[in-house]
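The structure is shown first.

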Amino acid sequence: MNTQLAGTGALLRLALRRDRVMAPVWILVVAMLVMSLPGSLESVYGTAAERERLLATMTANGSLRALYGPVFGDSIGALTAWRGGVFAGLLAGVMSLVIVVRHTREEEESGRQELLSAAMVGRRAPLTAALLAALTANAAAALLVTAGLAGRGAAGALALGLGIGATGMLFAALAAIAAQLTESARLAKGLTGAFIGAAFVLRAAGDAGAPDGGSALTWISPLGWLEHVRAFAAERWWVLALFAAASAAQLAAAYALAARRDVGMSFLPARPGPARGRLGSAGALAWRLQRGALLGWSLGFLAAGVVFGGMTDGATELVGDNARTREIIERMGGQAGQGVLADAFLATMAGMLAMVAALYIVSAVLRLSAEESGQRAEPLLANAVGRLRWAGGHLAVAFGGSALILLLAGLGLGIGHGEDIGGAVAATLGQLPAVWVIGALAALLHGAVPRFAVAAWAVAGAALALGWVGPALNLPQAVLDLSPFAHLPKLPGGQDPSWAPFVALTALAAALLAAALTALRRRDLAA
């Protein structure tokens with residue numbers, strides 16, 4: 001056995017054991033995103049005439065192509081690949097970067113990798129085990145997608161499943177490179193996430209200008225390759241070779257970089273001090289640590305708002321007189337029975353952006369966990385800094401930052417739509433109490449049971465899934481009500497909303513925060 005790979009099996013078993021909760025959740029989210037679509041699409045576009053009209057509308061509508069991509073066939077399977085393929089590939093990429101960075105750079109940051117390397121563990125074993133863990137997760141997602149859609153056509157189901165899995169592995173290889181270049185897991189995730197975002201933007205720009213998806217920008221993006229697999233529409237199997245070649249090249253680069261550095265080191269080292277500016281308080285330090293992420297989220301939400309706002313008229317045209325589609329949009333965005341479809345679409349987009357903002361607030365709150373587990377909080381708290389001041393700085397950035405990105409999202413919606421900017425801002429900020437409830441739950445998990453703080457991601461993911469897929473699946477209202485977003489009025493609306501839900505959810509968030517800070521004061525710091 002190659003001594004460079006010694007211990008790979010043991011490290012892989014350890015990685016799979018550590019991911020025994022997180023990985024299955026990600027796999028199910030990726031697979032269910034695709035598997036839930038055929039039934040709802042069949043109810044919306046049940047006839048050949050409706051599907052032909054959809055193809056004609058998408059060919060003429062660049063803004064909607066930018067979001068979903070071009071349609072290559074009129075079967076339910078082809079519509080499923082069009083509607084969910086890119087987003088499933090996007091989620092598979094995020095899942096892969098989380099897994100790879102967790103078992104490479106995070107292990108080095110915590111010091112555990114150095115202890116393991118002192119035993120019979122080969123130099124390439126940790127990276128290989130992380131990549132095999134990502135391969136296992138992507139293979140499981142691909143298998144579920146293939147099995148779930150096999151009834152729509154075995155070849156198309158296999159092509160879509162392989163395409164999603166291959167997309168995930170390409171971004172896993174990219175994350176492996178980022179883990180060698182950067183000095184922290186946070187930067188590795190941010191760098192890989194930026195590349196995933198760039199891939200989506202390139203694909204969107206290319207598809208917006210080319211109805212057939214033939215733009216050079218689309219072909220530059222791996223998400224564009226996923227489209228061009230053309231599942232359920234005369235599959236292009238050769239496109240999968242592009243994924244294999246790109247992944248192999250990136251893996252070779254990752255292994256070459258790993259062989260040239262010591263454990264814990266990086267090719268982009270941290271900038272030495274002293275830091276510029278004043279750090280006179282715990283809040284100032286929290287702002288310094290989190291401002292880069294907040295800037296990225298802010299720019300992304302502003303851009304997304306402009307794009308979604310510009311899609312409003314096109315979405316209204318796409319719906320037309322399709323009663324089922326109108327019902328789904330009205331259920332997600334309110335306005336049922338009032339006939340104001342544009343307002344319902346804007347309310348839907350405001351709600352979706354708010355649900356994504358819940359992911360931001362969870363990541364910002366859980367920075368407390370990263371500081372504590374990385375043993376950076378203990379030296380700070382050993383000085384004249386109390387736990388409440390330390391935690392309060394990060395929570396202020398998290399809760400204030402969520403308000404900022406929703407404000408910018410509302411401005412973007414208003415600018416993109418070209419009408420009633422104030423109403424669009426009110427629509428996004430009106431979802432803020434629900435975002436704060438999820439952030440407060442994350443704080444409570446960190447304060448009371450820090451070992452399970454990562455479960456806050458599952459809470460945010462469940463709210464996103466209920467809001468995104470629930471109305472299309474016509475889930476019972478009792479199930480939808482499990483999400484705090486279901487209790488808020490949908491704005492813009494034709495009637496004055498009641499203030500009671502806003503006050504109740506804000507009070508709930510405040511109570512949860514108080515409980516979180518109380519628990520944090522009373523427990524020991526994590527070892």
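Asp207 and Arg203 are both buried, where buried means under 20% relative accessible area, exposed over 50% and partly exposed in between, with a 1.4 Å probe and protein chains only. The model is predicted: local features need pLDDT of at least 70, side-chain atom pairs count only at pLDDT 80 or more, and totals for chains, interfaces and linings use all residues. Residues are numbered from 1 along each chain as its sequence is written, and side-chain values use heavy atoms, without hydrogens and water.

**Salt bridges**
- The structure holds nine salt bridges (a side-chain nitrogen of Lys or Arg within 4 Å of a carboxyl oxygen of Asp or Glu).
- In the salt bridge between Asp207 and Arg203, the closest N and O atoms are 2.6 Å apart.
- Asp207 and Arg203 are separated by about one helical turn because they lie four residues apart in helix H11 (residues 185–209); helices are DSSP runs (H or I) of at least four residues, numbered from the N terminus.
- Arg523 pairs with Glu372 in a salt bridge, with closest N and O atoms 2.7 Å apart.
- This pair links distant parts of the chain, 151 residues apart: Arg523 is in the segment after helix H26 (500–522) and Glu372 is in helix H19.
- Arg523 is buried at 12% relative accessible area, and Glu372 is buried at 4%.

**Partly exposed residue**
- Ile421 belongs to helix H22.
- Ile421 counts as partly exposed because its relative accessible area is 39%.

Technical notes:
Helices (H or I, at least four residues) and strands (E, at least two) are DSSP runs, numbered from the N terminus.
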